[in-house]
Amino acid sequence: MSKKLETAILANGCFWCTEAIFQLLEGVESVTSGYTGGEIKNPTYKEICTGTTGHAEAIKIEFNPGVISFEDLLKVFFSTHDPTTLNRQGYDKGTQYRSAIFYISESQKQTAEKLIKALSEAQVFNDPIVTEVTKLSTFYKAEGYHQNYYNNNKTQGYCVAVINPKLEKFIKNYGDKLKKQ
């Protein structure tokens with residue numbers, strides 16, 4: 001089985017939530033929280049929270065395509081957030097919470113556009129998909145305390161109230177794709 005890793009950069013709301021979900025998938029080697037798609041270099045969490053830098057909270061996923069494909073990652077992406085709400089996921093509002101796929105190759109771009117078209121034609125969502133498909137410029141790693149946030153803070157209020165229910169639903173729906181413990 002191939003061990004050559006590929007990278008995917010996805011933004012689908014709070015990176016604490018998305019990191020926790022993608023870490024569970026078989027074939028995902030690492031997930032890094034960060035920022036991309038904005039105007040300034042080396043943004044901080046405080047700066048991107050203003051919604052004025054243009055950055056999205058995003059995750060960098062290093063994955064083994066011999067175990068999980070980019071398309072499968074996108075299927076998880078679309079099933080674990082609302083890609084029809086512009087600049088909002090749940091109670092989180094602002095451009096930093098937008099739905100976006102930051103592609104690294106033309107192949108990733110084509111896969112993303114094809115899947116969005118298929119989901120739209122199948123009317124999987126009641127409203128139009130607003131997920132942007134944008135070429136990756138620079139991905140900035142978020143501050144250390146954001147990395148592995150859920151696993152390091154499982155009893156924190158946001159984790160209990162927001163992330164736990166998302167993870168429970170995800171595990172129920174994707175149990176066959178999870179890492180073996």
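I started with Thr 131, which sits in the loop between H4 and S7. Helices here are DSSP runs of H or I with at least four residues, strands are E runs of at least two, and both are numbered from the N terminus. The model is predicted, so local features need pLDDT of at least 70 and side-chain atom pairs pLDDT 80 or more, while totals for chains, interfaces and linings use all residues. Residues are numbered from 1 along each chain as its sequence is written, and side-chain values use heavy atoms, with hydrogens and water left out.

Is Thr 131 buried or exposed? I found Thr 131 buried, at a relative accessible area of 9% (buried is under 20%, exposed over 50%, partly exposed in between; 1.4 Å probe, protein chains only).

I then looked up contacts, meaning heavy atoms within 4.5 Å. Beyond its neighbours within four places in sequence, Thr 131 touches Phe 77, Phe 78, His 81, Pro 83, Ser 99, Ala 100, Ile 101 and Ile 116. I also checked Thr 85: its C-alpha atom is 8.6 Å from that of Thr 131, and the two residues are 46 apart along the chain.

Next, the strands. S6 (residues 99-103) and S7 (residues 132-135) pair in the parallel sense over 4 bridges; pairing takes at least two DSSP bridges. I located Ile 101 opposite Val 133 in S7. From S6 the chain passes through helix H4 (residues 106-121) to S7, a right-handed β-α-β crossover. Right-handed means that, with the strands pointing away from the viewer, the path from the first strand over the helix to the second runs clockwise.
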